[in-house]
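This report looks at side-chain contacts, moving from charged pairs to aromatic rings and then to one helix.

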Amino acid sequence: MEQKNIAEILLKYELGISSAEENQLIESWYEAQQAVEWELDSAEQEDRKNTILLQIQQQLDAKPASRRPLYQRAAWISAAAAVLLIAFALLFIPRGQSHRDTLAAIDQFKPGQEKAILKLEDGSSIVLKGGKSGVKIVNGTAVYLDGSPISALELQSRKLTVEVPRGGQYQVNLPDGSKVWLNAASTISYPMQFAADKREVLLTGEAYFEVNKNPHKPFIVKSRNQEVKVLGTTFNINSYDNREFVETTLLEGSVDVNQRLLVPGQRSLISKTSIQILPANIEAATAWKKGYFLFDNERLDAILATLSRWYNVDFEYQDSATQQLVFWGSIDKNQSLTKTLTFLESTGQLNFDYRDGKIAVHKIK
């Protein structure tokens, strides 16, 4: 089993989304470790840790130095943790008042929450309540999913735009009952009532769609450089401006992307001049909706762009070459920014500090 798969399974188990087969694998492993007698002196414990490390290493493919894992795991997963705890112990050694001040400054940036702004055609806007799970259309009027009104005023606008700021995410139910989950810094625009012959929406940023089937009225998503046409299916579109390609990942059914057909398990990468159809990493593409980020050989600039949108924080590189470092691994979306950056520092290639409202990124040489 590859090392990245182990990390993914551990995180999925911690989040409660692992399969029955994965649960059995982890629990069998844990029980086997519990059967070991741990009454060892410090030298024997060190030998034991080295043995565990060797055993793990023998199961893993050698990885290039610049391709380091970002670990997350439950504290009780003793064997792997025995090795990882060494690294964490080093990371949390007090490093003086200056370092504590840095951590306190970084802690002001909180994980994102459910929030969005509903913009109407007349230019007015309504801040949607964070405690509500989303909006839907009932009898031509936008209301929260629990049926409570958004505003005392009747909405007269024929076009709605839901804008999710940095540090937010939000679910929207469209007039046909289709569901859309918007990621941070994303916007969707749609009519109060769809036309008779099509269901058309405009997207910027990233969204996960569950489209209700209607063979007589295609559902069309227009985003940067691409048009996706479906009849009823589930897919994810990532069209953030900082990315070279617009990426569409298909989970179920089939979709037409710029007149190229995708089948489940495939993704399209579209630029101004090209289109590629490739196998998809479904888990990585949709992890954000499930409460974590899964980075599959992502460059650091792409990873920090994701964190920037979620924690509403800006990063500043002290060495531009740092952006090209590549990592894989999983990060819980709801943990503190300090803990997330500590995981990145644990790779031994980076460190961070706080300067003038931004997080400075340093490459360890």
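## Salt bridges

The structure holds twelve salt bridges, and it should be kept in mind that the model is a predicted one. One of them joins the side chains of Arg166 and Asp314, with 3.1 Å from N to O. Arg166 lies in the loop between strand 7 (159–164) and strand 8 (168–173), while Asp314 lies in the loop between helix 7 (300–311) and strand 21 (315–317), so this pair ties together parts that are 148 residues apart in sequence. Arg166 is partly exposed, at a relative accessible area of 28%, and Asp314 is partly exposed too, at 33%.

Asp241 and Arg224 form another salt bridge, in which the closest N and O atoms are 3.7 Å apart. Asp241 is found in the loop between strand 14 (234–239) and strand 15 (246–252), and Arg224 in the loop between strand 12 (219–223) and strand 13 (226–230), so the pair ties together parts that are 17 residues apart in sequence. Asp241 is exposed, with a relative accessible area of 66%, whereas Arg224 counts as partly exposed at 24%.

## Aromatic pairs

A search of the whole structure finds eight aromatic pairs. In one of these, the ring centres of Phe109 and Tyr354 are 6.3 Å apart and the planes stand at 50 degrees, so the pair is tilted. Phe109 belongs to the loop between helix 5 (96–106) and strand 2 (113–114) and Tyr354 to strand 23 (residues 350–355), so the contact ties together parts that are 245 residues apart in sequence. Phe109 is buried at 12% relative accessibility, whereas Tyr354 is partly exposed at 27%.

The rings of Trp181 and Tyr208 have centres 5.7 Å apart and planes at 70 degrees, so this pair is edge-to-face. Trp181 lies in strand 9 (residues 179–182) and Tyr208 in strand 11 (residues 199–210). Trp181 is buried, with a relative accessible area of 19%, and Tyr208 is buried at 7%. Elsewhere, ring pairs link Phe194, Phe209, Phe219 and Phe235 into a cluster.

## Charges over rings

Trp181 also has Lys289 over its face, at 4.4 Å from the ring centre. The charged end of Lys333 sits over the ring of Trp310, 4.1 Å from its centre.

## Helix 6

Helix 6 (residues 282–290) has several buried residues, including Glu283, Ala285 and Trp288. Glu283, buried at 19% relative accessibility, meets Lys290 in a salt bridge of 3.4 Å from N to O, and Lys290 counts as partly exposed at 40%. The helix is followed by Gly291, whose phi is positive, near 105 degrees.

Technical notes: Residues are numbered from 1 along each chain as its sequence is written. This is a predicted model: local features need pLDDT of at least 70, side-chain atom pairs count only at pLDDT 80 or more; totals for chains, interfaces and linings use all residues. Side-chain values use heavy atoms; hydrogens and water are left out. Rings of Phe, Tyr and Trp (its six-membered ring) pair if their centres lie within 6.5 Å; planes under 30 degrees apart count as stacked, over 60 as edge-to-face and the rest as tilted. Helices (H or I, at least four residues) and strands (E, at least two) are DSSP runs, numbered from the N terminus. Buried means under 20% relative accessible area, exposed over 50%, partly exposed in between (1.4 Å probe, protein chains only). A charge sits over a ring if NZ of Lys or CZ of Arg is within 6 Å of the ring centre and within 35 degrees of the ring normal. A salt bridge is a side-chain nitrogen of Lys or Arg within 4 Å of a carboxyl oxygen of Asp or Glu.
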